[in-house]
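Dear colleague,

Please find the structure below, followed by a short account of what was found in it.

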Amino acid sequence: MTTIKSDGTSGPISAERFTGHGAEWRDAKLSPHDAGIATSWVEQKIDRRSMLTGKDRVEDVRDAMWQLEKEGEIVIHRVSDEHQPVMVKTLYGWDKKIPTQRLWHHKSCGQCGNIPGYPASLLWLMNKLNVEYLDETDQTSCTAWNYHGSGIGNLESLAAVFLRNFHQAYVAARAQGLPDSYYYPLVHCGTSFGNYKEVRGYLIHSATLRERVKAILGKLGRLVDGKLLIPEEVVHYSEWLHVMRERINAMREIDCSEIRATIHPACHVYKMVPEDAIYDDGILGGNRVAVSTGIMQALGTQVIDYRTWYDCCGFGFRHIISEREFTRSFAIDRKIRVAVEEAQADVMIGHDTGCITTLDKNQWIAKAAGKPVELAVLADCQFAALVCGAHPYKIVQSHWHASPTEHLMEKLGIDWQAKKAEFVAYLEEVKAGKQENLYDPRRMITSGPGFKPFKPLSAAIPGANRP
């Protein structure tokens, strides 16, 4: 085989493949000045929506969805009045419904494995706000990390997993003797959120993909009246947090006015299918995605700008697998160091699993390189729970974080040493079998061989979320 070379001549294909990752990386040998020029575009004033809206108006995929349903092709899982939705505006000024009640938790593999205080804080907030939800076990990973990280996955498998999980959300209430569509799915992970929205668009526009996936879901018993079930809205937990921000602030117990917070917006949340991201003219002039910034402003913190706000955290899926030193150096020098030295931040707030993991757990590399820098990194829901009175170890689980959170807690007036002693004592109680639950474990299984029907929950179970 031959290939066309850059000089226009032809020749045999080289055995060396250039993938942009791995040992074939070459040092460009740029001077510091030239390197600065090469990356200066991300430090320019690209705040305004013109980066995303200065193009031909994109299609609202929901318009095509309604037409497909009208033609009998699909069934749409609607956000109903019973879900008590709050209307928000997206990038193009379109309306988006964010359900606030009767929520089905689509959990994150990375949160549950690496940052357990992330989902625990969210459930704690919902319990405090008397939000009805279902946190069952009948869910799979979205598999998007595999797709973006390795290229092994394919679109049919992604679409099948997406529709299978959302079908489970649709039928899960049957275990309680409640009707289909009672709960609406709330996605915890930004990667899942972006992936599902992208896949939904592919499904809407490709009859071939719909037919192939329909055959798969038919074998799984995951069709509704013989049709694919597609959600009206794909909703991220940070969007729920955003619309609930004033109600959450009403529960706040700690003054946050001295806290300098920097926000890391996740690529999968607002750069992927950007027309679906929430923007609010009252938040940073409508020039940045509203989630996370909105809740931090509502809680009274000082949200501080920094020049590399637009940058990826460095995770990048392929980077963390094939060039993890790039991920680590990028996370430290393009994000954490800038936030500390330029913004003098007390905390960096994010809303995605991979981002929190990358920014939090790689700070050791700066110390190893002889250029130490430290900054507490928390998800928006963790910070919100913390200042609303959640225990920093039992609920927020700051001990799972590699970045130090003690300075942040001291500035908030939290006696972390006393709280840690309480936690150690609590662990002894757990060892003795005196376990507390945020959620009644009987409700976690709704189908399959482990399921046992149960009556409405008793008030005798402390901390249980009840319908």
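Helices here are DSSP runs of H or I with at least four residues, and strands are runs of E with at least two, numbered from the N terminus. The expected span of a helix is 1.5 Å times one less than its number of residues. The model is predicted, so local features need pLDDT of at least 70 and side-chain atom pairs count only at pLDDT 80 or more, while totals for chains, interfaces and linings use all residues. Residues are numbered from 1 along each chain as its sequence is written, and side-chain values use heavy atoms, with hydrogens and water left out.

Helix α20 (residues 416–431) has 16 residues and reaches 22 Å from its first C-alpha to its last, close to the 22 Å expected. Its residues W416, F423 and Y426 are buried (under 20% relative accessible area, with exposed meaning over 50% and partly exposed in between; 1.4 Å probe, protein chains only). Seen down the axis of α20, these buried residues fall within an arc of 70 degrees, so they line one face of the helix; the arc is that of the directions from the helix axis to the C-beta atoms. On the other side of α20, Q417 and K431 are exposed. The buried residues of α20 pack against α19 (406–411), where contact means heavy atoms within 4.5 Å.

In helix α9 (residues 207–220), the buried residues are L209, R210, V213 and L217. Just after α9, G221 takes a positive phi of about 70 degrees. G221 is among the residues touched by H167, which is found in helix α7. H167 counts as buried because its relative accessibility is 6%.

Notes
Lists of a residue's contacts leave out its neighbours within four places in sequence.
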